[in-house]
Every structure is written in C-alpha cells, then in structure tokens.
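Visitor: I'd like to go through the aromatic side chains here. Can you put the model up?
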Amino acid sequence: MQRKRHIALMGGSFNPVHAGHLMVADYVRQTEHLDEVLMCVSPLNPFKTAATDLASDTDRMAMMETACNGREGLTPCDIELTMPRPSYTIDTLHRLAGLYPDADISIIIGSDNWLAFDRWRAADEIINRFGVIVYPRPGYDVDESSLPPNVRLVKAPTIDLSGTFLRRRLADGLDMNLFMPAGVYNYIKSKKLYGTA
C-alpha cells in the first residue's frame, strides 16, 4: 500500500520571513519525513493587538514566494489571506483537508504557541484529527512527557531570531541581508518596508 502524503502547515505573519523560519521548516520537513511544508502567510494573529508595522498581505506573500523559490518541499501558501477574518487555524485545516483529501495534515508551531494552545479555537480537534509538531523556542520549555498523543516535540536547534528584532534593526539602517533568505532583503529595500530608505 502506498504511503499517504504528509503535509504540514507552518503559519505566521512572516513580517518579514527570515532565515530562522526556513531553517526550522526545512529541519522539521526532513526529520519528520514530511512531503511538503506549506509556509502559510497569515493575517494578523487573533491574539495580537493591531500591528502598525505589519507589511501588506501582498508584500508579505511576495517575500515568502521569494524565500521559498527553489527550495524543495517548502511551498508558499496564501490560503488564509483568502479566508474570512479573523483567521483561525482550525478553519484553515478544514479547507486544506478538502484540497488534499488523500494526505495527512499536521501543523508546526513553536513551543511558545504550544504553551498557550488551550486558548486556540478547537484545540482538541486540531490535536486529535490533524496532529501538532512542536519545535523549541528559547525561553519556552516544554515537558515532552506531558504531551498528549498526536503531539510531537522535535529536537530542533533553537533560533533566537524574530521579525520584531529585524524590523527594528532595518529601521536603524542596518544591513540584515544575511538574516534573510536570498532576495528578501532586496525586496524590503526596493519597497522601502519597515522604515528602510
């Protein structure tokens, strides 16, 4: 019998997408034997207050397409940008299940999000029907023995890099090219995003 495809959704505002995002996604793809990771650009997280420095959906999607260009198994995904808002992961997973009826679908989240996962809409359904892959974030330790079935902790390297840090440094005029996938820094500069000149 042929193995079912295993697809994982890695969502975020990606404001901007940076090297850490792709490193985690590709590491999880390889170690968890995933066929594809959908790099899903999301509208504003329902748990976050309005972000004044959130780049447009179009710009964030263009940066993700640039970041994933030529990278096997990492696919830019705009599905949440086409759905009603606020955006909830369970609705995205239902939509993806319809688009990929023959695949197993999981989500990839950081340990910071796992520690608040009980606040997510339909958290139990996400765990039981789809499954969760958790990667470590600095300062957010997860006790692996406490995880329920269908939730796995990946022993991935921790990467202490954030969009907030990059936006601040870009606004300060620093060259952040090496912190981002090829082409993303040039896109930011060309569009004068995040206070760049």
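Visitor: F117 and W120, buried or exposed?
Guide: F117 is buried, and W120 is buried as well; buried means under 20% relative accessible area, exposed over 50%, partly exposed in between (1.4 Å probe, protein chains only). This is a predicted model, where local features need pLDDT of at least 70, side-chain atom pairs count only at pLDDT 80 or more, and totals for chains, interfaces and linings use all residues. Residues are numbered from 1 along each chain as its sequence is written, and side-chain values use heavy atoms, with hydrogens and water left out.
Visitor: How many aromatic pairs does a search of the whole structure find?
Guide: The search finds 3 aromatic pairs. Rings of Phe, Tyr and Trp (its six-membered ring) pair if their centres lie within 6.5 Å; planes under 30 degrees apart count as stacked, over 60 as edge-to-face and the rest as tilted. F117 and W120 form a tilted pair, 4.7 Å centre to centre with 40° between the planes.
Visitor: Which residues do ring pairs link into a cluster?
Guide: W114, F117 and W120.
Visitor: And F165 with F179, why is that pair tilted?
Guide: Their planes are at 50°, with the centres 6.2 Å apart, so the pair is tilted. F165 lies in helix α6 and F179 in the loop between α6 and α7, so the pair ties together parts 14 residues apart in sequence. Helices (H or I, at least four residues) are DSSP runs, numbered from the N terminus.
Visitor: What relative accessible area does F179 have?
Guide: F179 has 33%, partly exposed. F165 is partly exposed too, at 31%.

Note on methods. Helices (H or I, at least four residues) and strands (E, at least two) are DSSP runs, numbered from the N terminus.
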